[in-house]
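I opened this notebook to keep a record of what I looked up, one entry per topic, in the order in which I went through the model.

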Amino acid sequence: MDQSILAMADLATPMAIRVAATLGLGDHAGTAAELASGTGTSPAALTCLLDHLVTAGVFAFDAESGSYRPTDLGAQLRTEDAKVLLDINRAGGRAELAFTDLLGTITTGEPAYERRYGRGFWADIDAEPRLRRSFDAQMGWRFRVQAPQIAERFEWGRFPRIVDVGGGDGLLLAEILRAHPAVRGEVLDLAPSATAAAARFAAAGFGDRASAVAGSFFDPLPPGADAYVLSDILHDWDDDHARRILASCREAAAPAGTVVVIEPLRQGAGTAIDLFMLMCFGGRERTVAELEALAAECGLAPRGTAAVSDGRTALEFAVA
Ligand SMILES: C[S@@+](CC[C@H](N)C(=O)[O-])C[C@H]1O[C@@H](n2cnc3c(N)ncnc32)[C@H](O)[C@@H]1O
């Protein structure tokens with residue numbers, strides 16, 4: 001059958017699924033009244049939602065008992081993936097809602113997130129500890145396989161002191177320190193993440209091998225480290241900001257340090273993530289050539305690339 005443009009553009013079903021995920025409906029079965037009581041929602045409105053989820057094949061309705069239960073498809077709402085990505089009260093799900101302002105982004109080139117929520121993504125989540133925690137948790141969830149891979153597949157042992165610039169709550173640096181006992185390092189990130197990183201390092205018992213610094217990568221970075229790591233940072237920013245971040249790293253790394261950029265590279269079919277990065281941050285995925293061109297403008301010379309995890313490439317740069 002021909003694809004229907006109207007079905008593709010339907011917002012009712014995706015929003016109904018996201019609201020179900022946010023309410024935790026995948027964890028329960030019962031009548032609409034019972035489910036409404038358990039979730040603090042309006043029974044009449046919840047019935048309308050559940051009936052549409054039945055139409056969509058996400059819930060099944062038993063007329064005899066008047067009870068709704070998740071189908072096999074609906075059971076996916078119980079997975080960590082669904083909870084992290086679809087809950088509209090968490091940072092990721094909330095950011096996706098800004099797609100309703102995509103026209104503004106396409107018209108002006110500016111992030112829809114700011115238009116919708118009145119401040120940029122980072123300022124918004126930093127003002128709300130609950131959002132910040134959910135973002136850090138999402139970053140950990142998305143890197144649960146990759147962080148150990150990146151730690152093991154790259155020769156970090158060459159760098160006695162590493163600064164993980166925008167290193168979040170320290171997941172990647174902790175994995176690197178575990179895999180390379182002679183390395184020590186610090187995370188530089190905005191205050192809430194730096195606090196979380198310090199707590200992670202203390203809990204892991206790294207002692208003085210690991211520390212966390214609250215600050216911005218648009219300000220001067222702690223100088224003199226052997227390597228400055230930018231993991232999934234540049235794709236959050238447009239070219240002007242990306243250049244400023246690379247220039248900060250270059251300045252701190254000079255004269256002999258290394259800058260290691262770890263990024264998901266732009267691929268032909270990755271158009272949805274590209275559109276999300278533009279809509280949310282004004283950022284985008286880039287090719288190796290694009291990243292090397294940006295780095296060259298900041299006085300950084302390429303020293304090689306390596307596939308370091310499923311979906312991530314490390315680009316190494318020397319101070320030119
Ligand atoms: C996509 S996350 C990547 C986190 C981590 N590098 C990783 O790969 O898991 C981007 C990080 O950049 C941080 N960030 C955003 N703006 C920043 C700024 N001006 N200075 C320092 N860190 C910043 C965020 O707090 C967040 O931890």
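Before anything else I wrote down that helices (H or I, at least four residues) and strands (E, at least two) are DSSP runs, numbered from the N terminus, and that two strands pair if DSSP finds at least two bridges between them. I also noted that this is a predicted model, in which local features need pLDDT of at least 70 and side-chain atom pairs count only at pLDDT 80 or more, while totals for chains, interfaces and linings use all residues. Residues are numbered from 1 along each chain as its sequence is written.

**Entry 1**

I looked up how the strands E1, E2 and E3 are arranged, and found an open, antiparallel sheet of three strands in the order E1-E3-E2. Strand E1 (30-31) and strand E2 (59-62) are at the edges with a single partner strand each, so one side of each has no neighbour in the sheet. E1 pairs with strand E3 (residues 67-70) over two bridges, and there Thr31 stands opposite Ser67. Between E2 and E3 I found four bridges, with Phe61 opposite Tyr68. The hairpin of E2 and E3 has four residues between the strands, and Gly66 takes a positive phi near 70° in it. Helix H4 (residues 43-55) lies across E2 and E3 and runs at about 110° to E2, where axes are lines fitted to C-alpha atoms, for helices over the stretch in contact, and angles run from 0 to 180 degrees between N-to-C directions.

**Entry 2: the whole chain**

I then stepped back to the chain, which has 17 helices and 10 strands, and whose C-alpha atoms fill a box of roughly 75 × 45 × 35 Å along the principal axes. It is divided into domain 1 (5-78), domain 2 (89-139) and domain 3 (144-319), with bounds that come from an automatic or database domain assignment. The C-alpha centres of domain 1 and domain 3 are 41 Å apart. Of the 320 residues, 41% count as buried; a residue is buried if 20 or more other C-beta atoms lie within 10 Å of its own, exposed if 12 or fewer, and partly exposed in between, with C-beta atoms placed from the backbone.

**Entry 3: two residues compared**

Is Ala197 buried or exposed? Ala197 is in helix H14 (residues 191-204), and it is buried because 28 other C-beta atoms lie within 10 Å. Leaving out residues up to four places away in sequence, I found that Ala197 touches Gly167, Asp169, Gly170, Val187, Asp189 and Ala212, where contact requires C-beta atoms, placed from the backbone, within 7 Å. Asp219, in the loop between strand E6 (210-214) and strand E7 (227-231), is exposed, because it has 8 other C-beta atoms within 10 Å. The C-alpha atoms of Asp219 and Arg244 are 9.3 Å apart, although 25 residues separate the two along the chain.

**Entry 4: helix H16**

Which residues of helix H16 (residues 271-281) are buried? I listed Met277, Leu278, Met279, Cys280 and Phe281, and noted that helix H7 (91-97), helix H8 (102-108), helix H9 (112-117) and helix H10 (121-127) are among what covers them. Just after H16, Gly282 takes a positive phi of about 75°.

How values were computed
Two residues are in contact if their C-beta atoms, placed from the backbone, lie within 7 Å.
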